[in-house]
Structure formats: structure tokens, C-alpha cells
Amino acid sequence: VPLQNAIEPLLVEPPLRILAMVASPSDYDPLDVGREKGRLDSAVAKLTERGLVELTWLDGQTPQDLLDELQRGPWHIFHFIGHGGFDAARGEGVVIFAGEDGSSRRLTGPDLGLLLGDHGPLRLAVLNSCDSARGDAADVFSSTAAALVRRGTPAVVAMQFEITDTAAIEFSRYFYNAIGSGVPVDAAVARARRGVAL
């Protein structure tokens with residue numbers, strides 16, 4: 001989307017602190033939580049060994065769990081793994097967290113933006129959830145990703161469509177390797193796409 005103002009670099013002193021979360025509510029297709037965590041751990045393992053990245057897994061699956069952990073920051077990246085979608089009737093993106101009872105709790109993009117937008121150190125949200133970048137053709141800001149940016153998250157990487165598990169692993173590996181090496185987000189996404197293509 002064309003912007004009126006120039007984009008300013010958002011520098012971070014290493015280590016890059018990643019807060020990762022998996023939400024797998026009981027009334028949705030179950031995610032293999034251990035496997036999902038293992039994938040991301042593997043993707044950043046070399047960066048962690050070099051002291052460039054600290055990866056922390058959020059224990060809970062509710063929006064309140066996320067809010068509580070954000071207050072224990074600082075966090076530079078929020079990495080969400082879970083279900084997502086686009087509510088055509090309401091014209092907005094959604095991500096699926098779990099409620100206190102373990103069943104699904106839909107959070108709209110603006111609601112997630114409220115949770116993340118006030119966390120000053122946050123530089124990036126990575127949404128590994130289907131349709132998290134899908135919006136309405138009439139409103140470019142209707143996707144979950146765009147709603148996060150609108151609410152103050154400086155950068156968001158999200159999915160317009162489904163991708164395979166293998167592609168997700170490769171994307172994360174190349175993406176975080178580039179980010180951990182100081183490459184800007186847009187260039188890191190380009191590298192990760194090339195890695196997936198290979």
C-alpha cells in the first residue's frame with residue numbers, strides 16, 4: 001500500500017526476543033503443538049546458538065495469556081501459529097485463540113491490534129495462520145495483518161493462502177536467518193520466498 005511518509009528503520013539490539021504462541025482450540029482441527037514448536041525451534045536454532053535470538057514459548061492459548069506475557073517483555077517479534085480466516089459478513093480478518101474452556105475464541109484483527117499495538121518494543125508480528133493477510137477487495141485494511149499495522153504494529157508478515165508444512169518450515173528458517181543477520185523485513189521475506197521456491 002503506498003504510504004505518504006518514508007519508512008524508518010526499527011533497529012533492535014541483539015538478541016532479538018521472539019514471543020511465540022500456538023493456539024489449538026478444542027473445536028477446531030487439532031494442531032500438532034509439539035511439531036509446530038519443534039519447527040520454529042529448528043528454524044532459529046543456529047541464531048539462538050550465536051546469541052542473536054531468544055525464543056520464548058507462551059504457555060497459554062487465550063488472549064489474556066498473551067496480554068499477561070506482553071507485560072513481561074520486552075518482545076521484538078510476536079509469532080502466532082494457529083487458525084485464521086476472513087469473516088466476509090463482517091468484512092474483517094480473524095484469528096482463532098482458545099477461551100478459558102479450551103474452545104475457540106475468535107479475535108478480530110482490530111482486537112488483536114489492541115493487544116499488540118501498545119507494546120512499544122514490538123517491531124514485527126508473524127502470523128502463521130491461513131488467510132491472515134486476506135482482505136476485502138473494497139477495503140485494503142480489512143485483513144488481520146492490515147488491522148495490526150493500523151493499530152500500531154510496525155510490520156506484519158502474514159499468509160494470503162494456505163501453504164504446506166514444509167513450505168512454512170523453510171519460510172521461517174530463511175526469514176529468521178535473514179532477520180537475525182540484520183536484513184530488513186521486506187528483504188527477509190524476499191529471501192524466504194526464494195528459499196521456499198528452492
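**View 1. The buried residues of helix H3.** In helix H3 (residues 109-117), the buried residues are Gly 109, Leu 112, Gly 113, Leu 115, Leu 116 and Gly 117; buried means under 20% relative accessible area, exposed over 50%, and partly exposed in between, with a 1.4 Å probe and protein chains only. Their cover includes H2, E3, strand E5 (92-98), strand E6 (104-108), E7 and H4, where contact means heavy atoms within 4.5 Å. Helices (H or I, at least four residues) and strands (E, at least two) are DSSP runs, numbered from the N terminus. This is a predicted model, in which local features need pLDDT of at least 70 and side-chain atom pairs count only at pLDDT 80 or more, while totals for chains, interfaces and linings use all residues. Residues are numbered from 1 along each chain as its sequence is written, and side-chain values use heavy atoms, with hydrogens and water left out.

**View 2. Helices H5 and H6 pack together.** Take a look at helix H5 (residues 165-180) and helix H6 (residues 185-197): they pack at an angle of about 140°, with their axes 8 Å apart. Axes are lines fitted to C-alpha atoms, for helices over the stretch in contact, and angles run from 0 to 180 degrees between N-to-C directions. From H5, the residues making the contact include Phe 171, Tyr 174 and Phe 175, and from H6 they include Val 185, Ala 188 and Val 189. The residues of this contact divide into 11 nonpolar, one polar and three charged. Here Ala, Val, Leu, Ile, Met, Phe, Trp, Tyr, Cys and Pro count as nonpolar, Asp, Glu, Lys and Arg as charged, and the others, Gly among them, as polar.

**View 3. The two sides of helix H6.** Ala 188, Val 189, Ala 192 and Gly 195 are buried in H6. They lie on the same side of H6 because they cover an arc of only 120° around the axis, the arc being that of the directions from the helix axis to the C-beta atoms. The buried residues of H6 pack against strand E8 (156-157) and H5. Turn to the other side of H6 and you will find Asp 186, Arg 193, Arg 194 and Ala 197 exposed.

**View 4. Val 126 in strand E7.** Val 126 lies in strand E7 and counts as buried because its relative accessibility is 7%. Not counting residues up to four places away in sequence, Val 126 touches Ile 77, Phe 78, His 79, Phe 80, Val 157, Phe 175 and Tyr 176. Val 126 and Val 156 are 30 residues apart in sequence, yet 5.8 Å apart in space, C-alpha to C-alpha.

**View 5. Glu 36 in helix H1.** Glu 36 sits in helix H1 (residues 33-49), and it counts as buried because its relative accessibility is 11%. Leaving aside neighbours within four places in sequence, Glu 36 is in contact with Val 22, Trp 57, Ile 81 and Asn 128. Ala 168 is 132 residues from Glu 36 along the chain, and their C-alpha atoms are separated by 9.9 Å.

**View 6. Ser 142 in a loop.** You will find Ser 142 in the loop between strand E7 (124-128) and helix H4 (144-150). Ser 142 counts as buried because its relative accessibility is 4%.

**View 7. Two cis peptide bonds.** Another joins Gly 73 and Pro 74, with omega about 15°.
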